[in-house]
Amino acid sequence: AQVAPPFGSRACAVYAASCRVRFSRLPSARIPEQIATMPEEGEKKDVEMKDAEKETDEKDAKDAKDGEGKESKKEQPKDPRTLMIESIGTALKTINASLAAGDSRVMGRVARSINGFRRTVTPDVLRALLEETVSSSNKALYLSHAPVADAPMTDEEKAQQTEVKFPSLPKPHPPEMEAFAVLVLLVQLTDKKEKDKAMEVGSKLVLWLKTFNRRTLDILSSRAYFYLALAYERLGKLSDLRPELLAAYRTACLRHDAMGQATLLNLLLRNYLAYNLYEQALKLVEKTSFPESRPNAQYARYLLYIGQIKAVQLEYSDSHSKLMQALRKAPPAPNVALGFKLSATKLAVIVELLMGGIPDRATFMQKELKEQLRPYYALTQAVRTGDLNAFKEQTQRHEALFKKDKTLTLINRLRYNVIKTGLRDINLSYSRISLQDVCTKLGLETAQDAAGVIAKAVVDGVIDATIDYDQQALKSTQKFDLYSSCEPQKAFHKRIAFCLQMHNDAVKSMAYPDENKTKDGEDAEERREREKRDMADIGADDDDDDMLL
């Protein structure tokens with residue numbers, strides 16, 4: 001028998017045989033090739049990765065440059081002249097769309113845009129606009145009165161300026177576009193204080209507009225009458241325009257032109273008040289009615305004129321109520337309609353003093369009106385203290401200003417109010433005082449004058465006292481409780497009436513959609529969004545309305 005090899009050597013032989021079988025099944029050249037090529041593929045991959053990274057960096061750098069270029073393009077603002085030309089083109093497109101849709105309300109937006117053009121329009125753009133839109137026989141007149149540049153432009157400035165191009169719209173242009181262009185010219189002449197040219201251009205424009213009966217021209221016609229009246233007023237010929245305004249008001253009433261009625265009625269009232277024709281102004285107010293669909297700015301002016309008429313007619317309570325409403329309806333912006341706010345505030349201060357009250361100190365501390373109201377503040381201080389000498393001094397010092405403001409007549413009526421205030425203080429301070437001391441404290445001349453003034457104050461109910469003629473003295477009686485009288489009831493009634501009137505005005509100004517005219521397939525949400533867009537286009541009264549001069 002053969003002896004078996006040791007376990008260790010046999011195991012090694014079996015392992016070697018199995019390894020030979022496994023390697024024999026694979027291709028002979030595969031293992032060496034793979035082993036030989038592995039370093040080369042690694043190098044190739046490293047090269048490809050480096051190239052890809054390089055391309056990515058270049059692409060990122062290029063994208064960054066493009067982004068910077070786009071940002072620089074976005075950051076560059078448009079030229080103001082280009083923006084102004086685009087705005088005029090938008091206004092012309094709005095006019096065209098309004099005529100196509102038959103909606104005259106949108107013309108209000110166009111009329112309000114004139115306020116922006118009056119500050120930005122340049123002479124060359126205005127001339128181009130007139131050349132483009134005006135087709136009437138007055139074209140030569142308008143171009144001859146158009147303002148020219150202050151200094152001629154150099155060749156470099158002409159090369160840098162963009163060409164004036166308006167949107168191409170169907171010709172012949174409608175009269176609304178011509179009226180819009182001429183109104184821009186008229187506003188420019190008014191701002192430059194060229195009164196004669198403004199009157200001539202306004203007269204030609206109004207005469208031309210009278211030949212049309214188009215609802216889309218109503219608001220532009222009212223603006224034309226306003227600037228025409230302003231030119232006549234600056235020339236001191238306002239009375240010559242009165243027959244024309246009366247005829248235009250009759251025509252506006254027949255055509256149910258609400259904007260024309262409101263504007264012309266205010267112009268007529270201003271015409272009468274400029275010549276102190278209060279009786280004729282009162283008759284005009286009694287025989288006419290302000291339109292319900294009233295513009296806010298025009299209604300504020302109407303309330304101011306009514307308050308002025310009521311103050312002269314001694315109806316101080318009604319006057320003060322109208323003046324307060326006018327101030328509340330004025331634009332809330334601090335630097336808008338300052339002339340209107342100043343006139344209404346001055347008149348309201350005097351009327352409140354005539355009513356026996358003292359205006360609030362905050363009225364005189366308004367930042368934009370503080371300096372102009374300083375004389376009225378000094379006058380109020382004299383009335384509050386009951387110092388007749390101080391009142392006379394302030395009246396004489398600022399007499400020229402009071403005449404200019406047309407409040408001197410009302411201020412002269414305050415003399416008795418100053419005396420009443422002094423008497424009221426004396427009545428509260430003394431139970432018994434001689435007439436001679438009253439004369440000295442009030443600054444009167446004689447004791448007989450003091451007795452007459454005291455007697456009138458007692459009859460008017462200013463003070464509750466009696467005069468002892470034997471001892472030439474004033475005896476004060478004990479004051480009764482105010483809350484046992486009807487005064488609280490009257491005050492509450494006045495407040496309730498004001499709240500009810502405000503509620504009625506709010507209900508009248510609300511607009512309700514017509515359910516029969518809803519668009520097909522339009523739900524409630526879409527209808528609300530559409531109405532919001534329409535109201536945004538039509539817009540409310542602009543705060544910067546030039547009708548509040």
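Author: Contact, as used here, means heavy atoms within 4.5 Å. The model is predicted, so to speak of local features we need pLDDT of at least 70, and side-chain atom pairs count only at pLDDT 80 or more, while totals for chains, interfaces and linings use all residues. Residues are numbered from 1 along each chain as its sequence is written, and side-chain values use heavy atoms, with hydrogens and water left out.

Reader: Which residues does Leu 130 contact, leaving aside neighbours within four places in sequence?
Author: Leu 130 is one of the residues with the most contacts inside the largest nonpolar core. That term covers buried Ala, Val, Leu, Ile, Met, Phe, Trp, Tyr and Cys residues joined through side-chain atoms within 4.5 Å. Once neighbours within four places are set aside, the partners of Leu 130 are Lys 139, Tyr 142, Leu 143, Ala 146, Ala 181, Val 182 and Leu 185.

Reader: And how many residues does that largest nonpolar core have?
Author: Besides Leu 130, the residues with the most contacts inside it include Ile 88, Phe 180, Leu 205, Phe 391 and Leu 423. The residue count of this largest core is 132.

Reader: What percentage of the protein chain's residues count as buried?
Author: Buried means under 20% relative accessible area, exposed means over 50%, and partly exposed is in between (1.4 Å probe, protein chains only). Of the chain's 549 residues, the buried share is 38%.

Reader: How many helices does the chain have?
Author: Helices (H or I, at least four residues) and strands (E, at least two) are DSSP runs, numbered from the N terminus. The chain has three strands, and its helix count is 26.

Reader: Is the pair of Phe 226 and Tyr 227 stacked or edge-to-face?
Author: Rings of Phe, Tyr and Trp (its six-membered ring) pair if their centres lie within 6.5 Å; planes under 30 degrees apart are stacked, over 60 edge-to-face, and the rest tilted. Searching the whole structure turns up eight such pairs. In this one the ring centres are 5.2 Å apart and the planes sit at 80 degrees, so Phe 226 and Tyr 227 are edge-to-face.

Reader: Are H16 and H18 roughly parallel or roughly antiparallel?
Author: H16 (residues 338-354) and H18 (residues 374-385) pack at about 5 degrees, their axes 11 Å apart; axes are lines fitted to C-alpha atoms, for helices over the stretch in contact, and angles run from 0 to 180 degrees between N-to-C directions. Under 35 degrees counts as roughly parallel, over 145 as roughly antiparallel, 65 to 115 as roughly perpendicular and the rest as oblique. H16 and H18 are therefore roughly parallel.

Reader: Which H18 residues meet H16 there?
Author: H16 brings Lys 346, Val 349, Ile 350 and Leu 353 to the packing. Facing them from H18 are Tyr 376, Leu 379, Thr 380 and Val 383.

Reader: What is phi of Leu 314, about?
Author: Most residues other than glycine have a negative phi. Leu 314 lies in the loop between H14 and helix H15 (316-329), and is exposed, with 54% relative accessible area. Although Leu 314 is not a glycine, its phi is positive, at about 70 degrees.

Reader: Asn 276 has a positive phi too; which helices flank its loop?
Author: Phi of Asn 276 is near 60 degrees, and the residue is partly exposed, at 47% relative accessibility. Its loop runs between helix H12 (258-274) and helix H13 (278-287).

Reader: Last one: how far apart are the C-alpha atoms of Val 187 and Gly 202?
Author: Val 187 belongs to helix H8 (residues 175-191) and is buried, at 1% relative accessibility. Setting aside residues up to four places away, Val 187 touches Ile 114, Arg 118 and Tyr 227. Gly 202 is 15 residues away along the chain, and the C-alpha separation is 9.8 Å.
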